[in-house]
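Subject: Handover of a structural model

Dear colleague,

Please find below the structure that I am handing over to you.

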Amino acid sequence: MKHTISVLVEDEAGVLSRISSLFARRGFNIESLAVGPAEQSGISRITMVVPGDDRVIEQLTKQLYKLINVLKVQDVTEIPCVERELMLLKVNATSSSRSEIVEIAQIFRARVVDVAEDSVTLEVVGDPGKMVAIVQVLQKFGLREIARTGKISLTRESGVNTELLKSLEAKVS
């Protein structure tokens, strides 16, 4: 199972290196990594997607807390969250396929950020499932380049679990 881990750290040189070294020493892979300033000056939020069972994640959490600059570690996998990712996607586009690509982009609420004679570059923002879906749909045109940020995540203060609501809605439909 993939777990989403949110880590608050002091914003100092070498913190990310120490965290990634911890994972490497223990043979764990980080599938997604996003780092940026948090709400408080001098603090950064690291969001990681890590494969492993609950026991492995608990062990990693304990190891992370042993690092000097780590302030808070939270496994947000089962907590209602808002999750987003950004992807830039360069797609082959001929004059005859361009309108279909733009139409698909509109369906996914993607933005066209560059148009060239033989390609279109799209900006896609959304949950990771949306990223996979648009890549699958656009695959037939030929994908030139893809650049993705890691997943970022914040817990929902409202406590509303949108994944649960989506699954309930799907059962009713």
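A residue is called partly exposed when its relative accessible area lies between the limit for buried, under 20%, and the limit for exposed, over 50%. V35, with a relative accessible area of 46%, is therefore partly exposed. Please note that the model is a predicted one, and that the values below are computed from it.

Overall architecture

The protein chain contains 5 helices and 9 strands. Their order along the sequence is β-α-β-β-α-β-β-α-β-β-α-β-β-α. The C-alpha trace spans about 60 × 45 × 35 Å along its principal axes. Of the 173 residues in the protein chain, 37% count as buried. Among the contacts with a separation of 6 or more, 73% are between residues 24 or more positions apart. The protein chain exposes about 10,400 Å², and 52% of this is supplied by carbon and sulfur atoms.

The nonpolar surface patch

V35 belongs to a nonpolar patch on the surface, together with L16 and L33. The accessible area of these residues together is about 220 Å². V35 is placed in strand 2, which covers residues 32–37, while L16 lies in helix 1, residues 15–25. L16 counts as partly exposed because its relative accessibility is 35%. If neighbours within four places in sequence are left aside, V35 is in contact with L16, R45 and I46. The C-alpha atoms of V35 and T149 are separated by 9.7 Å, although these residues are 114 residues apart along the chain.

Which residues of helix 4 are buried? In this helix, which comprises residues 128–138, they are K130, M131, I134, V135 and L138. These residues lie on the same side of helix 4, because they cover an arc of only 130° around the axis. The elements against which the buried residues of helix 4 pack are strand 5 (81–92), helix 3 (98–107), strand 7 (119–126) and strand 8 (143–148). The N-terminal end of helix 4 is capped by D127, which has a side-chain oxygen 3.0 Å from the backbone nitrogen of G129.

E85 is found in strand 5. Is E85 buried or exposed? With a relative accessible area of 8%, E85 is buried, since the limit for that class is under 20%. Not counting residues up to four places away in sequence, E85 touches V124, V125, G126, P128, M131, R148, T149, G150 and K151.

The side chain of E85 makes a polar contact with the side chain of R148 at 2.6 Å. The two side chains also meet in a salt bridge, with the N to O distance given as 2.6 Å. This pair links distant parts of the chain, as E85 is in strand 5 and R148 is in strand 8, 63 residues apart. R148 counts as partly exposed, because its relative accessibility is 41%.

Further salt bridges

Side chains of opposite charge can pair when their charged atoms come close. The count for this model comes to 9 salt bridges. Besides the pair described above, two others are set out here.

E123 forms a salt bridge with R111, and the closest N and O atoms are 2.8 Å apart. E123 lies in strand 7 and R111 in strand 6 (residues 111–115), so this pair ties together parts that are 12 residues apart in sequence. E123 is partly exposed, with a relative accessible area of 22%.

R144 and D118 meet through their side chains in a salt bridge of 2.8 Å, N to O. R144 lies in strand 8, whereas D118 is in the loop between strand 6 and strand 7, so the pair ties together parts that are 26 residues apart in sequence. R144 is partly exposed, with a relative accessible area of 39%. D118 is also partly exposed, its relative accessible area being 41%.

With kind regards

How values were computed: Residues are numbered from 1 along each chain as its sequence is written. This is a predicted model: local features need pLDDT of at least 70, side-chain atom pairs count only at pLDDT 80 or more; totals for chains, interfaces and linings use all residues. Side-chain values use heavy atoms; hydrogens and water are left out. Patches are made of residues with over 30% relative accessible area and no salt bridge: like charges are joined within 9 Å, nonpolar side chains (Val, Leu, Ile, Met, Phe, Trp, Tyr) within 5 Å. Accessible areas come from the Shrake-Rupley method with a 1.4 Å probe; for residues, only the protein chains shown count as cover. A salt bridge is a side-chain nitrogen of Lys or Arg within 4 Å of a carboxyl oxygen of Asp or Glu. Helices (H or I, at least four residues) and strands (E, at least two) are DSSP runs, numbered from the N terminus. Buried means under 20% relative accessible area, exposed over 50%, partly exposed in between (1.4 Å probe, protein chains only). The arc is that of the directions from the helix axis to the C-beta atoms. Contact means heavy atoms within 4.5 Å. A polar contact is a pair of N or O atoms within 3.5 Å; within protein, one must be able to donate a hydrogen and the other to accept it, and residues adjacent in sequence count only if both atoms are side-chain atoms.
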